[in-house]
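Morning, everyone. I'll walk through one model today, so let me put it on the screen.

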2 protein chains.
Amino acid sequence: MALNERKIKILQAIINDYIETAEPVGSRTIAKKYNLGISSATIRNEMSDLEEMGLILQPHASAGRIPSDMGYRLYVDHLMQKHELGEKEKTVMQSVIANNISQIDYLMEETAKAISHLTNYTAIITEPVNRSTRIKQIRLMPLDSASLLLVIATENNFIKNHVVKVGIAPSDEEVLHLGSCINAVLQGHTLQEIDGVLIGRLKNALGEYQEFLPNILKDIESTIRAAEKVQVHMSGTKNILAFPEFSDIDKARSLFQALEEKDVLVTLLEEGQGNDLQVLIGSENTVQSMKDCSVITATYKMGEETRGTIGIVGPTRMDYSQVISVLNGMVENIEKTLKKLSDGSKNT
Amino acid sequence: MALNERKIKILQAIINDYIETAEPVGSRTIAKKYNLGISSATIRNEMSDLEEMGLILQPHASAGRIPSDMGYRLYVDHLMQKHELGEKEKTVMQSVIANNISQIDYLMEETAKAISHLTNYTAIITEPVNRSTRIKQIRLMPLDSASLLLVIATENNFIKNHVVKVGIAPSDEEVLHLGSCINAVLQGHTLQEIDGVLIGRLKNALGEYQEFLPNILKDIESTIRAAEKVQVHMSGTKNILAFPEFSDIDKARSLFQALEEKDVLVTLLEEGQGNDLQVLIGSENTVQSMKDCSVITATYKMGEETRGTIGIVGPTRMDYSQVISVLNGMVENIEKTLKKLSDGSKNT
DNA sequence: TGTTAGCACTCGCTCTCATAGAGTGCTAAC
DNA sequence: GTTAGCACTCTATGAGAGCGAGTGCTAACA
């Protein structure tokens with residue numbers, strides 16, 4: 001059976017209408033609402049064909065049709081029109097980078113918020129990962145009479161502070177000096193590279209304040225581990241409750257539960273690692289609890305290398321076109337910001 | 001009508017049973033389950049009295065009884081037995097402070113998580129507020145060739161980092177030195193105190209790097225504003241979905257909505273400012289959207305001064321005793337930690 | 001041969017009604 | 001004062017009827 005022009009128009013009408021209303025679409029509705037110049041009876045015949053082809057289906061015998069996962073797939077691959085970003089969308093996106101974010105985690109958090117806000121779906125984002133993170137700067141700062149502040153910056157401007165408790169703090173100058181010495185020893189090294197030799201040098205650097213050493217080493221480790229771990233940000237889980245698809249509280253709860261598990265999220269997002277943009281519709285998802293949802297992911301790069309993924313989860317009845325535009329826009333945002341950050345730190 | 005021993009026992013049985021099962025409690029249930037040595041008919045008579053007194057009510061004529069807000073009130077004020085913290089609860093609490101948290105925001109975040117985890121209700125917490133926050137330390141650190149890291153610590157060890165973009169960064173030594181100079185000028189001052197004179201001195205301190213000044217001032221302001229703003233942490237909103245009270249998705253949604261608005265949360269928490277511990281049951285809440293919920297708040301102090309509030313929101317059918325014990329335990333935790341932090345910074 | 005009007009049919013939704021069951025309140029006996 | 005017994009009330013459940021939306025099929029038409 002051929003998928004002629006007219007069938008395509010009808011399929012498109014069904015999908016558009018269903019995305020909008022969440023109600024099965026009948027032949028009369030299409031005849032009235034979309035001026036295709038044919039009667040409802042003809043539309044019925046065509047719909048019967050479309051159903052046979054597996055592109056639409058009936059929830060029950062006397063209901064209208066809804067798109068099948070396959071129907072959505074065809075729509076996404078061939079029919080869908082590109083969504084042009086509106087003023088509001090552009091403004092929100094701009095505002096994310098306008099905040100002049102210089103720390104990765106804030107950027108990711110803000111991006112997630114913006115995506116969920118713009119799409120009304122649930123946004124999930126992974127922070128950029130470095131297989132072996134290097135220490136960019138590590139410094140000591142005076143804090144008060146009994147503690148120092150250890151500040152560690154890794155590549156990507158992942159910055160963490162740790163308060164180091166000490167008996168009696170050295171003078172400000174001493175603290176700064178110690179920091180410089182530690183920095184001289186550790187700068188540019190990864191966690192793996194910290195061996196007996198380096199620790200020996202650290203001991204020298206710390207001199208009479210060797211007692212801090214175990215604490216400092218521990219904090220360095222936890223910072224680098226944190227930088228290496230896949231950090232996931234999520235925003236807009238509450239949006240789920242607004243969709244009629246999840247008006248059954250048990251369904252909503254089980255989805256909530258799945259989204260709470262970090263493993264599930266990471267699996268979802270890593271699924272799309274190979275492609276710039278990936279759309280997984282309903283049953284195409286390998287994660288069991290997402291069989292009724294669609295997951296759209298996009299990856300962002302630094303240079304040629306893929307660094308992380310941003311994505312959304314929502315009902316299969318989703319505004320694919322808008323989501324894809326928003327995700328693409330956000331990828332651009334992120335890549336621009338990452339480039340700025342790395343340009344700044346090129347020749348440290 | 002007197003509230004004799006027997007009536008109290010019956011009321012207690014009704015409340016306990018209802019907290020456990022969420023089903024209206026009938027006279028026969030009480031007669032069978034709680035060995036009060038009286039027949040269901042007698043219990044019925046007593047229940048009739050309790051209803052007249054407003055302590056219990058019938059959802060409909062042929063149903064069992066459920067406690068009224070007034071009934072819960074009596075229970076909370078006079079009947080409830082103190083809940084002794086179990087092993088698991090103690091362990092979770094310990095683990096919060098065992099992490100050796102030295103930054104307020106982490107402490108609050110972890111506390112919120114622990115509370116919602118232990119109680120299965122939704123935890124809300126405000127960070128300690130200082131009316132006029134002073135700068136404890138402010139330093140510059142080298143970051144890379146085109147940016148410096150500005151680190152600001154206020155009292156309470158509220159620490160923030162800001163990346164300051166510069167054309168070409170000065171040498172490490174210069175950066176540290178500049179930081180020390182800025183620190184010398186600003187340490188111990190509040191935002192209000194930064195006036196022309198201080199800014200003049202800052203200009204001197206920065207010398208040829210005056211171009212950073214506007215940025216630095218902006219970051220100082222945002223850091224101090226952030227430290228002064230009431231920060232609210234929330235955890236466990238998802239728990240709400242698990243209660244039969246909110247199996248109606250609209251109810252769940254409207255509560256979610258209310259919890260999303262920071263104003264509502266702040267109002268909820270500030271309600272209890274005067275008391276160490278406050279229990280607001282159902283209609284006792286002034287916030288409209290909480291009329292079906294109970295809100296329990298506890299305040300924590302530093303020295304004699306109240307600094308913040310921790311609390312939970314849940315259905316009126318709540319395990320008041322357990323929640324109160326958990327909150328009290330957490331207050332102790334927080335106060336201990338705050339004390340440690342402030343002892344460390346006493347003579348800066 | 002494709003299109004359309006007409007019509008019978010299907011099936012979910014809603015309303016009504018009957019029934020069962022839980023729980024009460026009242027009465028009378030202990 | 002307590003309790004057994006019983007009539008009564010009200011909800012929850014399920015069956016059955018009617019409605020309406022929408023289909024599929026047939027026959028007529030261009």
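At what angle do α1(B) and helix α4 (residues 69–79) of chain B pack? The angle is about 110°, and the two axes are 11 Å apart. Before I go on, some ground rules. This is a predicted model, so local features need pLDDT of at least 70, side-chain atom pairs count only at pLDDT 80 or more, and totals for chains, interfaces and linings use all residues. Residues are numbered from 1 along each chain as its sequence is written, chains are lettered from A and ligands numbered from 1 in the order in which they are written, and side-chain values use heavy atoms, with hydrogens and water left out.

Now the terms for helices. Helices are DSSP runs of H or I with at least four residues, strands are runs of E with at least two, and both are numbered from the N terminus. Axes are lines fitted to C-alpha atoms, for helices over the stretch in contact, and angles run from 0 to 180 degrees between N-to-C directions. Under 35 degrees counts as roughly parallel, over 145 as roughly antiparallel, 65 to 115 as roughly perpendicular, and the rest as oblique.

Back to the pair on screen. Helix α1(B) packs against α4(B) at about 110°, which makes α1(B) roughly perpendicular to α4(B). From α1(B), the contact uses B:Ile8, B:Leu11, B:Gln12, B:Ile15, B:Asn16, B:Tyr18 and B:Ile19. From α4(B) come B:Gly71, B:Tyr72, B:Leu74, B:Tyr75 and B:Leu79. Contact means heavy atoms within 4.5 Å. By class, the residues are nine nonpolar, three polar and no charged. The classes: Ala, Val, Leu, Ile, Met, Phe, Trp, Tyr, Cys and Pro are nonpolar, Asp, Glu, Lys and Arg are charged, and the others, Gly among them, are polar.

Next pair, still in chain B. Helix α5 (residues 87–98) and α6(B) cross at roughly 170°, with axes coming within 9 Å. That makes α5(B) roughly antiparallel to α6(B). On the α5(B) side we have B:Lys88, B:Glu89, B:Val92, B:Met93 and B:Val96. On the α6(B) side we have B:Leu107, B:Glu110, B:Thr111, B:Ala114, B:His117 and B:Leu118.

Now the loops of chain B. B:Ala22 sits in the loop between α1 (5–21) and α2 (27–33). Its phi is near 65°, a positive value in a residue other than glycine. B:Asn120 lies in the loop between α6 (104–119) and β3 (122–126). Phi of B:Asn120 is also positive, near 70°.

Which residues does B:Asn239 contact, leaving aside its neighbours within four places in sequence? They are B:Ser116, B:Asn120 and B:Tyr121. B:Asn239 itself is in the loop between β7 (232–235) and α10 (249–260) of chain B.

Over to chain A. The axes of helix α8 (residues 196–206) and helix α9 (residues 213–228) come within 11 Å and cross at roughly 125°. They are therefore oblique to each other. A:Ile199, A:Leu202, A:Lys203 and A:Leu206 of α8(A) meet A:Leu213, A:Ile216 and A:Leu217 of α9(A). That contact has six nonpolar residues, no polar and one charged.

On to domains, whose bounds come from an automatic or database domain assignment. Chain A has domain 1 (5–79), domain 2 (87–128 + 231–346) and domain 3 (135–227). Nine residues of domain 1 contact 12 residues of domain 2. Together those two domains bury about 900 Å², 62% of it on carbon and sulfur atoms. Buried area is the accessible area (1.4 Å probe) that two parts lose on being put together, summed over both.

Last, the chain interface. Here 41 residues of chain A contact 40 residues of chain B. About 3,600 Å² is buried between the chains, with 61% from carbon and sulfur atoms. A:Lys238, A:Leu241 and A:Ile249 supply 17% of the area chain A buries against chain B, more than any other three residues.
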